[in-house]
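Thanks, everyone. Let me put the model up, and then I'll walk through it briefly.

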Amino acid sequence: IKIVNALIEAGADKDAKDISGNTALISASRKGHTACVEMLLRESADDAKKATAVNKALISAAGNGHIACVEMLLRKSANDAKKATAVNKALISAARRGYEDCVDVLIDAEADKAAKDKSVNKALICARKNRYIAGAEELERAITRQFLKSSPSAKEISKKLLSNIENKERGSVSYLLELCEKTDSKGSTNDLAMPTVYDSGS
């Protein structure tokens, strides 16, 4: 961080790119250097060039599981169509590598439920289309976590589980079955229609 600060004070070009086209902000985000990311964001001018760099850095940070950087970059990113595109790419990138915290934060970045649903469903469609199996399953699990935030009844959970099985949504199915195993001894999901699930032939 001291070296980065010294270079900035000496007049180094913060938007300079390496041979791969990465700026200092993108590289710091990819490595999870939170302090450097914060400094570079503070020193950069608020312009179109910065907005592009922030969006690319967001994707890099999410794809490497750096939750603190993801949160910081989300706060600094411009609220426009390009941000929405970057969030979707970041969602897919984080999901492919199983970074659950990053996936949830990116989904919650959309305050409006309709926009949130549209964002995660678009990412899920893209993941399935490109056969990112692990990524698609992680996004399904994320959708299920969002569903559980509404404190559904045991009957509603059972109904969702059946729907997930019918639609072959393995991520959601495994998540709900894990939930059943963890909570059954406490009695919170004893009313789940588990026999019905297994009798469905799936």
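**Confidence, fold and core**

Start with confidence. Among the elements of the protein chain, helix H12, residues 194-199, has the lowest mean pLDDT, 36, while H5 has the highest, 93. This is a predicted model, so keep those values in mind. Over residues 188-202 the pLDDT is below 50. That stretch still has 22 contacts in the model beyond near neighbours in sequence. Where pLDDT is low, the predicted coordinates should not be read in detail. For the protein chain overall, the mean pLDDT is 79, and 79% of residues reach 70 or more.

Next, the fold. The protein chain has 12 helices and zero strands. From the N terminus, the order reads α-α-α-α-α-α-α-α-α-α-α-α. Take the contacts with a separation of 6 or more: 62% of them join residues 24 or more positions apart. The protein chain has 202 residues, and 39% of them are buried.

Now the core. Which residues touch the most other members of the largest nonpolar core? They are Leu25, Leu73, Leu106 and Leu139, in a core of 35 residues. Several helices each supply at least two residues of this core, including H2 (24-31), H5 (67-76), H7 (100-108) and H9 (133-148). A second, separate core has five residues, among them Ile157, Leu161, Val173 and Leu176.

Zoom in on Leu25. Leave aside its neighbours within four places in sequence. Leu25 is then in contact with Val37, Leu40, Leu41, Ala53, Val54, Ala57 and Leu73. Leu73 is itself one of the residues touching the most other core members.

On to a charged residue. Is Lys83 buried or exposed? Lys83 counts as buried because its relative accessible area is 12%, and the cut-off is under 20%. Lys83 is found in helix H6. Setting aside neighbours within four places in sequence, Lys83 is in contact with Asn55, Leu74, Ser77 and Ala78.

Last, the rings. Arg96 lies over the face of Tyr132, 3.8 Å from the ring centre. The charged end of Lys160 sits over the ring of Phe147, at 5.2 Å from its centre.

To recap: 12 helices, zero strands, and a largest nonpolar core of 35 residues. For residues 188-202, remember that pLDDT is below 50. Over to you.

Key:
Residues are numbered from 1 along each chain as its sequence is written. This is a predicted model: local features need pLDDT of at least 70, side-chain atom pairs count only at pLDDT 80 or more; totals for chains, interfaces and linings use all residues. Side-chain values use heavy atoms; hydrogens and water are left out. A nonpolar core is a set of buried Ala, Val, Leu, Ile, Met, Phe, Trp, Tyr and Cys residues joined through side-chain atoms within 4.5 Å. Buried means under 20% relative accessible area, exposed over 50%, partly exposed in between (1.4 Å probe, protein chains only). Helices (H or I, at least four residues) and strands (E, at least two) are DSSP runs, numbered from the N terminus. Contact means heavy atoms within 4.5 Å. A charge sits over a ring if NZ of Lys or CZ of Arg is within 6 Å of the ring centre and within 35 degrees of the ring normal. pLDDT is the predictor's confidence in each residue, from 0 to 100.
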